[in-house]
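Hi everyone, thanks for coming. Please take a moment with the sequence and the picture, and then I'll walk you through a few helices.

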Amino acid sequence: MDEAGRLDAPLLLVANRLPLARQRGVWRPSSGGLVTALTPVVARVGGSWVGWDEDAQGVPSRVEGLNVDLHAVDLDPALVEGYYHGFTNRTLWPLFHDLVVQPVIDRSWWRSYETVTRRFADKVSEVIAASPQRPVVWIQDYHLLLLPQLLRDRFPDLRIGMFLHTPFPAPELFARLPWRESLLGGMLAADSLGFHTTQYRDNFLRTVQRIIPDATVLGDSIMREDGRRVRALSHPISIDAEDFGALARDPATDTEVTALREQFEGRKVLLGVDRLDYTKGIRHRLQALELLLEQRPHLRGRFVFVQIAVPSRDDVEEYRRLRTQVETEVGRINGRFTEPGHDVPVHYLHRSIDRTRLAAYYRIADVMCVTPLKDGMNLVAKEFVTVRDATDGDGVLLLSEFCGTAHEFGHDAIRCNPFDVEGLAMLMERALELAPEDRRERIARMAQVVRDNDVFRWVGDELAAITGEEHPG
Ligand code: GDG
């Protein structure tokens, strides 16, 4: 890499999905945590992106708003069933999130996962073969844990990095996977492995020590029998803070803010923004809210709770069940606490909204509720403090201690244990009552953390680690 952080080789990103969605026949960049983080990166660095798409044949090689060459991996539905709906979403995802639901172990899913990894390896090999210069390969997430090994076998000198967007669990949880050696062996073929926090990184190192006897762990390095050294590093992911600040101040956002303020006039707003996923703690949050309304009658009609629940993985049984449970709870709360002629206490939006409206919601929220049961990082929390710091400097962040962001924000957020529903209700009340001066100081400090550690720092650290050029400290 040169001083401006430019790579000396093209970047080849590999992720489960291409960052695309087709709306009314038009291809557009999609949303979600991984895409939010990587879009500004590819805007600056460029390169290629290999990923699966349902409509692989129809994917164009470029899409407006995305500065990468797109290469689609084609998978037939039976493979997607085992690999995606099965192994990644029902085995690895719940296991990596500390068994918030029970993982399912199914050997046929594992075989699909292996097959799909080979398909990815074939597509990556094709792109490498067609590239005039050997690229740096950067693999994203738990869908592709076996990929570094397959690529290493084919290209011994390839520079390979991997970043895990989820937590990495404790060794005794990881050990429940019958394929634990293969998965770790797959990862250890990379040159560098990135995690959101030192805690996940340490879980990984302890797991390696326990499960791979021939690996020697020395500090943050793993020495392999063949003499290779693999780095395991903590690189907290982040957002493009400048861009979010600009979005927050945009006149289009002002217009949306005015409309929302009118809608909720005279009431405080508590806000939740999450993919509809059982890791996000939406049910516990609703239960806490119900308790608050029950135990504090004087608060009824004084606040509204808005939950934006972005549809997610609705081909998976646990997600369909969650949706029914959440919608039942919303119905029950509104049925219990709505006064005739008055607005409901819970506004529930089961859809994705555009970025301008999202920023407007962040701006009108008195309390942003980010209360996952477990979450690798959580970018919503970072976006909220950034948007508020760029505008009125006000607002309160209620933040679960079980997400990566809590490691960075410390006690400037109101920290909560979302499993403790009664405690959560008490903290919601406390958040609503926090003094204005205190609120402002906390927002300013958290926004400073995000500015100092934005997504460009994350990508710079990751790429420097892959190319072996990171700076000490
Ligand atoms: C995974 C990990 C980790 C949400 N609703 C809308 C919308 N969003 C955007 C948010 C944010 C992103 O989606 C969600 O990111 P999170 O980090 O909160 O969560 P995951 O999707 O679970 O992401 C997570 C992340 O990967 C990155 O490594 O932090 O722990 O689980 O950017 O703004 N965007 C739009 N409309 C919506 O309705 N446009």
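**A walk along some helices**

Let's start on one side of helix 11, where Thr324 and Gly335 are exposed. By exposed I mean over 50% relative accessible area, while buried means under 20% and partly exposed is in between, with a 1.4 Å probe and protein chains only. Helices here are DSSP runs of H or I with at least four residues, strands are runs of E with at least two, and both are numbered from the N terminus.

Before going on, a word on the source: this is a predicted model, where local features need pLDDT of at least 70, side-chain atom pairs count only at pLDDT 80 or more, and totals for chains, interfaces and linings use all residues. Residues are numbered from 1 along each chain as its sequence is written, and side-chain values use heavy atoms, with hydrogens and water left out.

Back to helix 11. Which of its residues are buried? They are Glu318, Tyr319, Leu322, Val326, Glu329, Val330, Ile333, Asn334 and Phe337.

As for length, helix 11 runs over residues 317-337, and its 21 residues should span 30 Å at 1.5 Å a residue; the end C-alpha atoms are 31 Å apart, which agrees. The expected span is 1.5 Å times one less than the number of residues.

Helix 10 is one of those neighbours, so to speak, and its 14 residues reach 20 Å from first C-alpha to last, close to the 20 Å expected. Its buried residues are Ile282, Arg285, Leu286, Ala288, Leu289, Glu290, Leu291, Leu292 and Leu293. Among the elements covering them are helix 11, strand 14 and helix 15 (421-433).

Helix 2 holds Val80. At 8% relative accessibility, Val80 counts as buried. Leaving aside residues up to four places away in sequence, Val80 touches Trp52, Leu75 and His85, where contact means heavy atoms within 4.5 Å.

Now for some helix pairs. Helix 8 (residues 241-249) and helix 13 (residues 379-390) pack at about 55°, with axes 8 Å apart. Axes are lines fitted to C-alpha atoms, for helices over the stretch in contact, and angles run from 0 to 180 degrees between N-to-C directions. Helix 8 and helix 13 are therefore oblique to each other: under 35 degrees is roughly parallel, over 145 roughly antiparallel, 65 to 115 roughly perpendicular, and the rest oblique. On the helix 8 side, the contact residues include Phe244 and Arg249, and on the helix 13 side they include Glu383 and Val387.

Helix 13 has another partner: its axis and that of helix 16 (residues 436-452) come within 9 Å and cross at roughly 115°. That makes helix 13 roughly perpendicular to helix 16. Residues meeting there include Phe384 and Val385 in helix 13, and Ile443 and Met446 in helix 16.
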